[in-house]
Amino acid sequence: MSDSEDQGVREIRIDPIVPTQSVLVATARGMRPKKDEDRIDRDNRSHVETCPFCRGNEERTPPEIKAYPDPKEWDIRIVPNLYPVLGDDEAKPNLALGLQQVIDGYGRHEVIIDNPNHGICVHEMTQDHLKNLFTVYQQRMAELYASDKRLKYVLVFKNFGPAAGASIPHTHSQIIATPVVPENVQNEVTYSKQYHAKHGQCVFCSLIDEALTYEATIYDRESGEIRRKINVGQYVVERGKKFVAIKPFASRYEWEIHILPLQHESDFLEATAEDLEDFANVLKRTMARLDKVVGGVQYNYFLHSAPHGDTFGDCSDSYHWHLEICPRTSIPTGFELGSGLFVSTVSPESAAQALREVEIED
Ligand SMILES: [Zn+2]
Ligand SMILES: [Zn+2]
Ligand SMILES: [Zn+2]
């Protein structure tokens with residue numbers, strides 16, 4: 001048990017990027033149902049005869065859109081979603097992305113089969129493979145944006161485990177291209193723009209700077225004596241040459257982690273091959289830490305990047321792309337669903353410390 005847990009934390013924290021979002025950090029135990037007992041028994045088979053996403057069963061999916069590096073010996077494969085939430089058919093109102101209101105037939109919904117290995121986890125994939133996967137995301141996003149000017153946002157996300165909404169156990173991600181910007185991204189874009197107008201800088205960059213300054217010393221203005229030291233580097237989980245993984249100070253999910261480029265960049269499409277190589281390393285190490293600390297974790301990750309089209313005008317100075325990783329370790333309570341206030345029973349500081357200090361293989 002860490003210091004901050006000993007002291008017990010009970011406070012409402014306002015999200016620094018989207019101030020309308022807040023989280024109650026209450027480290028008292030037993031406040032909410034835990035998911036610990038229904039952690040998935042990991043399906044670590046590498047090939048499953050009946051799985052439509054396994055190699056050799058290609059005819060069980062709709063014809064592929066693309067396969068890398070080739071259609072037979074593919075490493076990554078893109079296919080249309082058999083059950084699209086967007087497309088020619090009617091709306092599927094249970095889509096929890098705030099997009100229900102706009103389904104009118106010109107969105108796209110595709111599946112990316114991440115890896116030929118059925119049960120492999122992200123942290124078990126090679127850095128090279130992860131780099132290729134994010135390069136494929138990038139290429140497909142660019143193609144979709146170019147294919148129809150009405151598309152404003154291409155969301156890439158991954159559901160891992162049934163609690164995170166994955167209906168097929170074979171590792172995969174999804175791409176949804178929509179004529180509107182999802183609400184979460186819209187909020188981040190709007191508020192970060194306001195922050196930029198007020199402070200003249202990107203709020204994400206400010207948070208990164210803060211997170212990287214391990215210790216800040218506050219001096220008394222009169223006497224010059226040290227008044228207090230604050231430990232602000234406590235949110236860094238992993239750091240690469242170009243990317244950093246941070247445990248947000250007011251995160252909604254106990255083990256939520258964000259990965260951001262250290263240098264300001266608003267659009268994921270502008271990340272270079274060299275960027276993605278470092279990104280892959282930071283992602284792999286971060287997921288290995290999560291796996292060590294939480295074990296068999298079910299999660300969603302999604303890419304947030306500057307929207308296209310002119311809905312928000314230019315946000316290239318104020319928005320900063322990132323990957324949000326949201327592990328599903330507890331069930332939302334009625335209080336959370338009813339109030340919209342998330343409850344975190346692990347303090348973000350102790351979570352970051354546990355993730356940072358756990359030993360992982362190099
Ligand atoms: Zn499979
Ligand atoms: Zn920035
Ligand atoms: Zn975001």
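**Briefing on a predicted single-chain model**

Over residues 1–6 the pLDDT stays under 50, and for this stretch the model has ten contacts beyond four places in sequence. Residues 87–104 also have a pLDDT below 50, with 19 contacts in the model beyond near neighbours in sequence. The structure is a predicted model, and the mean pLDDT of the chain is 83.

**Confidence**

- A pLDDT of 70 or more is reached by 83% of the residues of the chain.
- Among the elements of the chain, the lowest mean pLDDT, 45, belongs to helix H1 (residues 3–7), and the highest, 97, to strand E12 (residues 257–261).

**Overall make-up**

- The chain contains seven helices and 15 strands.
- Of its 362 residues, 38% count as buried.
- Among contacts in the chain with a separation of 6 or more, 71% come from residues 24 or more positions apart.

**The ten-stranded sheet**

- Ten strands form an open sheet with antiparallel pairing, in the order E3-E4-E5-E7-E6-E13-E14-E12-E11-E10.
- The edges are held by strand E3 (66–68) and strand E10 (236–239); each has a single partner strand, so one side of each is left without a neighbour in the sheet.
- On average, neighbouring strands of this sheet are turned by 20 degrees against each other, direction ignored.
- In general, strands of a sheet pair through backbone hydrogen bonds, either parallel or antiparallel.

**Pairing of E5 and E7**

- Strand E5 (residues 108–113) pairs with strand E7 (residues 172–178) in the antiparallel sense, over six bridges.
- Arginine 108 is placed opposite alanine 177 in E7.

Definitions and conventions:
Residues are numbered from 1 along each chain as its sequence is written. Chains are lettered from A and ligands numbered from 1 in the order in which they are written. This is a predicted model: local features need pLDDT of at least 70, side-chain atom pairs count only at pLDDT 80 or more; totals for chains, interfaces and linings use all residues. Two strands pair if DSSP finds at least two bridges between them. Helices (H or I, at least four residues) and strands (E, at least two) are DSSP runs, numbered from the N terminus. Axes are lines fitted to C-alpha atoms, for helices over the stretch in contact, and angles run from 0 to 180 degrees between N-to-C directions. A residue is buried if 20 or more other C-beta atoms lie within 10 Å of its own, exposed if 12 or fewer, and partly exposed in between; C-beta atoms are placed from the backbone. Two residues are in contact if their C-beta atoms, placed from the backbone, lie within 7 Å. pLDDT is the predictor's confidence in each residue, from 0 to 100.
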